[in-house]
Amino acid sequence: MFFHIVLERNMQLHPRFFGRNLRDNLVAKLMKDVEGTCSGRHGFVVAITGIENIGKGLIREGTGYVTFPVKYQCVVFRPFKGEILEAVVTMVNKMGFFAEAGPVQIFVSNHLIPDDMEFQSGDMPNYTTSDGSVKIQKDSEVRLKIIGTRVDATEIFCIGTIKDDFLGVINDPAAA
Amino acid sequence: MSLVTDSPVHSSSSDDFASYLDAQLGSGSTGTSGSSADDETDNESDHESERIKRRKAEKLEILEEPEGSTSREYSEQIVDSEQIVETNIKQDSCSHPGSFGGMCMRCGKSLEEKSGVTFGYIHKGLWLANDEIARLRKTDMKNLLRYKKLYLILDLDHTLLNSTSLAHISSDEEHLRGKVDSREDISKGSLFILEHMHTMTKLRPFVRTFLKEASEMFEMYIYTMGDRSYALEMAKLLDPKREYFHERVISRDDGTQRHQKGLDVVLGQESYVLILDDTEQAWTKHKDNLLLMERYHYFASSCQQFGFSCKSLSEMETDENEGDGALATVIGVLKRVHTIFFHELEDELAGRDVRQVLKTLRKEVLEGCKIIFSRVFPTHFPARQHQLWKMAEQLGATCTVDLDDSVTHVVATDAGTEKSRWAVKEKKSLVHPRWIEASYYFWKRQPEESFSVDQKASS
C-alpha cells in the first residue's frame, strides 16, 4: 500500500554548503539519503514530494557541522499482511516462485500454489494447470496475497500466496 | 540522527502493537481456551469482541501518538488493514517447511531460529528444512525420470576450464593476449579475459558440445570451490544463453562445510546424481557418485600450482585434442551410464541407483586382468591401501602379491626387477603404473604397448 506522509529527519550539513543555495543543498542531500531506503515502520521511501519546513540549524560543537530538522512529505510503500498485490514473476523453481513488486521481493512457495498447478522443469520452468490453461513462468504477472512481511534496512521480504479465490496469473507473456 | 534511521524505536513499538493485535485476535478465534486477562471478551458475541478490540486498539494508538511523527490518519490506516488481515489468518499449526527472509514460507510467521539448509544460491534468504528437502527431491525425481534425466554436478576449474590470474601469465604466454576471443559472441570463443576479475580463462576443448549433449540427459549443476562472483562469471561463459544451469550454480559460499563439497545443497536424490570433478578429496562423502577427471592444465601458473615443472599447453601453443580429449571420453561414459540406467536395468525405476551402474561400468574396464605390482609401493606400505591397488580393483582387475601363471600384467617402473624379468620371459604384459591411471581416466583398457617400461632406463 502507498502512503503520502510527513516524516522528519535531522540533516547534518557541512559548512561548505552554506550560502545562498543552502536550502537546495539540504533538499538534494535529503533526497540522496532517504529515497530508496527502508524502515520497518514506514516501509520503502519511494519519493520526496515536498518540504514542509526546515527548522533552525544547530551548530555541532567541535565539528562545525550544522544540524537541521527537516520535515518533508514523501510517498512510502509498505506491504501488509493480507494485502493483495500485483507482482512480476522473476524466478520459478521447484520450491515455488519469486516475484517482485517494485522494491519488494515476494516468495510464493509451492505449498501456497493451488494443488492443481504442477511444476514443469525445462528451459522455461513453470507451474501449469493440468489442462494447460494457466501457466506461471518468468515475467508472468500475478495477483497474490501477502501473508508475511519483513522489512530490512534496504530490502522488504514478503511471503505470498495464490491459493485463494481470484488470485493467480493476470496476464500471460507467452500468450500475449 | 534522522528519523529514518531512528525508526527501530518506532518500529519495535509498532511490532509490539502488531503482536498485541495478534494475541487479541488469536485468543478471540481459538475460543475459550485462552487464560489471559482478555478472557472475558471470548464469551461475548463476535461482534461485541470485535468492538472491544477496536476500542482497545484505538486507545493504544492514542497512547502511541505523541512519539510518532506520522499523521494520525496514516496510523489509523495501518491499524485498520492489520486488523482485517489478522482476522483472516487461520491459526493452523504449521510444520514450517522452510523460510524466506526469516519468515515461514507456508504460514508467513516470523521464525526466530533458522533450521535446515540455506539455499542462498537459489535466492538470498531462502532456507529449507530437511523434511522439505526430502519431499522436494522425491517429487523432483518423478518429474525428472519422466524426461529420462539424471543429475550431473560439474566442477569448473581443471574440469571444464582453466583460469589464471592476469598477473601470473608467464612470458611464454604473452602471445595469448592477442588471441583472446571477444565477449560479444561468447558461444564461439574459448579464451577470454575478464578484466574486472583480473582473470584469463580458457575453456576446455569440446566443452560446448559436451554441455549440449549432457543437457539432454542430465539436469546440470555447477559446483565450484571458487567464490560466488567467479562462479557466476564462468557460468556466463559456459552458458551464455542460460539454457543449461539457470540458478543451479553453487559456489563455496553456499556449501555447508568448509573445503568440502556436499550433495546436501543439491535438490536431487543421491542415487541419481553423477559428479564430474578433478579433486576426489572434495567429495569424501560421495565418492561413489564421482567420475574423476584428468586435470586440465592450460596455463603455466596452474601447472606450477600442482607441482609440474613441464611446459604448459599454453606455452607449447597446443591444446587438448577436441575429438578424444577428457571431456569427449567422459561424455561417452555418461551416455553409457544413461542408457544402462534407463534401458537396460530391469528393476523398478525408482529403486535404481546410478552409483551401482557406475561401479559395474568401471569394473568392465580391466575385467579379466590379474595384476601384480613390482616395486611400485614403498616397502612396508600396506599394498591394499595404495591408490593404485584400489584403482585397479575398482576397474575390475584382480590384484595379487603371489606370482603365478594366472598373472596377466606386471606393473613396474623398472624393467630390472625380478618380476619384470619374469614378465618378459613368460611373455606377460609389463606395464607402467600410468597404464592403470590412464585406463581409469579414459574408462577404457589402454593398449599395453604405449605404457611399456623402458628397458634401457632400468638401472
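Figure 1. The charged end of Arg248(B) is placed over the ring of Tyr221(B), at 5.8 Å from its centre. The model shown here and in the following views is predicted. A further case is provided by Lys202(B), which lies over the face of Tyr298(B) at 5.2 Å from the ring centre.

**Figure 2. Aromatic pair Phe2(A) and Phe77(A) in chain A.** Over all chains, the count of aromatic pairs comes to 18. In the pair shown, the ring centres of Phe2(A) and Phe77(A) are 4.7 Å apart and the planes stand at 45 degrees, so the pair is classed as tilted. Because Phe2(A) belongs to strand β1 (residues 2–13) of chain A and Phe77(A) to strand β5 (residues 66–77) of chain A, the pair ties together parts that are 75 residues apart in sequence. Phe2(A) has 56% relative accessibility and counts as exposed, whereas Phe77(A), at 6%, counts as buried.

**Figure 3. Aromatic pair Phe377(B) and Trp389(B) in chain B.** The two rings form a tilted pair, with 6.4 Å from centre to centre and 50 degrees between the planes. Phe377(B) is in the loop between β13 (370–374) and α12 (387–394) of chain B, while Trp389(B) is in helix α12 of chain B; the two residues are twelve apart, and the pair links distant parts of the chain. Both Phe377(B) and Trp389(B) are buried.

**Figure 4. Aromatic cluster with members from chains A and B.** Ring pairs link Phe98(A), Phe107(A) and Phe157(A) with Phe100(B) into a cluster.

**Figure 5. Helix α6 of chain B and its surroundings.** The helix spans residues 130–146, which is 17 residues, and reaches 25 Å from its first C-alpha to its last; this is close to the 24 Å expected at 1.5 Å a residue. Just after α6(B), Lys148(B) adopts a positive phi of about 55 degrees.

**Figure 6. Helix α14 of chain B and its packing partners.** Within α14 (residues 434–442) of chain B, the buried residues are Trp435(B), Ile436(B), Ala438(B), Ser439(B) and Tyr440(B). They pack against the helices α11 (354–363) and α12 and against β12 (290–292), β13, β15 (409–412) and β16 (429–431), which belong to chain B. Trp443(B) follows α14(B) and has a positive phi, near 60 degrees.

**Figure 7. Four-stranded open sheet in chain B.** The strands are arranged in the order β2-β1-β4-β3 with antiparallel pairing. The edges are formed by β2 (103–104) and β3 of chain B, each of which pairs on one side only. Two bridges join the antiparallel strands β1 (residues 98–100) and β2 of chain B. In this pairing, Ser99(B) stands opposite Cys104(B) of β2(B).

**Figure 8. Chain A as context for the close-up views.** Chain A contains one helix and 14 strands. Of its 176 residues, 46% are buried. Among contacts in chain A between residues at least 6 apart in sequence, 60% join residues at least 24 apart. The accessible surface of chain A comes to about 8300 Å², and carbon and sulfur atoms account for 49% of that area.

Methods
Residues are numbered from 1 along each chain as its sequence is written. Chains are lettered from A and ligands numbered from 1 in the order in which they are written. This is a predicted model: local features need pLDDT of at least 70, side-chain atom pairs count only at pLDDT 80 or more; totals for chains, interfaces and linings use all residues. Side-chain values use heavy atoms; hydrogens and water are left out. The expected span of a helix is 1.5 Å times one less than its number of residues. Rings of Phe, Tyr and Trp (its six-membered ring) pair if their centres lie within 6.5 Å; planes under 30 degrees apart count as stacked, over 60 as edge-to-face and the rest as tilted. Buried means under 20% relative accessible area, exposed over 50%, partly exposed in between (1.4 Å probe, protein chains only). A charge sits over a ring if NZ of Lys or CZ of Arg is within 6 Å of the ring centre and within 35 degrees of the ring normal. Contact means heavy atoms within 4.5 Å. Accessible areas come from the Shrake-Rupley method with a 1.4 Å probe; for residues, only the protein chains shown count as cover. Two strands pair if DSSP finds at least two bridges between them.
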